[in-house]
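Student: Could you show me how to read aromatic pairs and a helix in a model like this one?
Tutor: Gladly; let's look at it together.

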Amino acid sequence: TKSETSRGLELELVTNITQNWTARLAMASALVHPSDTFPQLRGLLQQAREAARARGLDPDAATATTQDFLEQAESDAGAAGMVRISVKRWVGNFVTRYTFTEGALKGLALGGSVRYFDGKPRREAVVGGVEVLPATFTEDQWTVNPFASYRRKIGRITWTAQVNVNNLFNEITDQGAQYRYPRYTEPRQIVYTLNAQF
């Protein structure tokens, strides 16, 4: 329904801090610019106008319904608070894992990830031509996700049990770009998995 242009930089660093300890850091900065609403329909509208002209019809009259739809969609997008400005955003992600390979803890792995997302602009809410809520930015978002796994071979089968805690601190924020369409982050989730490898 819309076309966007994005330009930016990405940096990724992967390293083994020790033989058992790995880490990955990724950062990205992007400038996102919304450029068009219904870009495919606009292209088809132009083709329809040319087809109408080739058949001796008035292209304005032949495509009036579609043209009215696009103009209304553009108007509704502004009223609904679709952001029409270029937005520079930062995203970061750090993941680390430590695996015990000897001693009493052999087979245990501990780790986690930390993710960061910049807040994004939210348009003002207007009712009857009156601004009832101001333009603002959503909250920056930090998400911490630890995990632990244990691997052990019993007979010919290697068993791996793992528990992941997504959004450890239960940070729930509204990341919607419009007041009327809230989009909350996922609450804390605890995920258990058990894998058997033959």
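Tutor: Let's start with Tyr116, which is buried, at a relative accessible area of 17%. Buried means under 20%, exposed over 50%, and partly exposed in between (1.4 Å probe, protein chains only). This is a predicted model, where local features need pLDDT of at least 70, side-chain atom pairs count only at pLDDT 80 or more, and totals for chains, interfaces and linings use all residues. Residues are numbered from 1 along each chain as its sequence is written, and side-chain values use heavy atoms, with hydrogens and water left out.

Student: Which residue forms an aromatic pair with Tyr116?

Tutor: Rings of Phe, Tyr and Trp (its six-membered ring) pair if their centres lie within 6.5 Å; planes under 30 degrees apart count as stacked, over 60 as edge-to-face and the rest as tilted. Here Tyr116 and Trp142 form a tilted pair, 4.7 Å centre to centre with 50° between the planes. Trp142 is exposed, with a relative accessible area of 53%. Tyr116 lies in strand E4 and Trp142 in strand E9, so the pair ties together parts that are 26 residues apart in sequence. Helices (H or I, at least four residues) and strands (E, at least two) are DSSP runs, numbered from the N terminus.

Student: And which residues of H1 are buried?

Tutor: They are Leu45, Arg49 and Ala52. Seen down the axis of H1, its buried residues fall within an arc of 65°, so they line one face of the helix; the arc is taken over directions from the helix axis to the C-beta atoms. On the other side, Gln40, Leu44, Gln47 and Ala54 are exposed.
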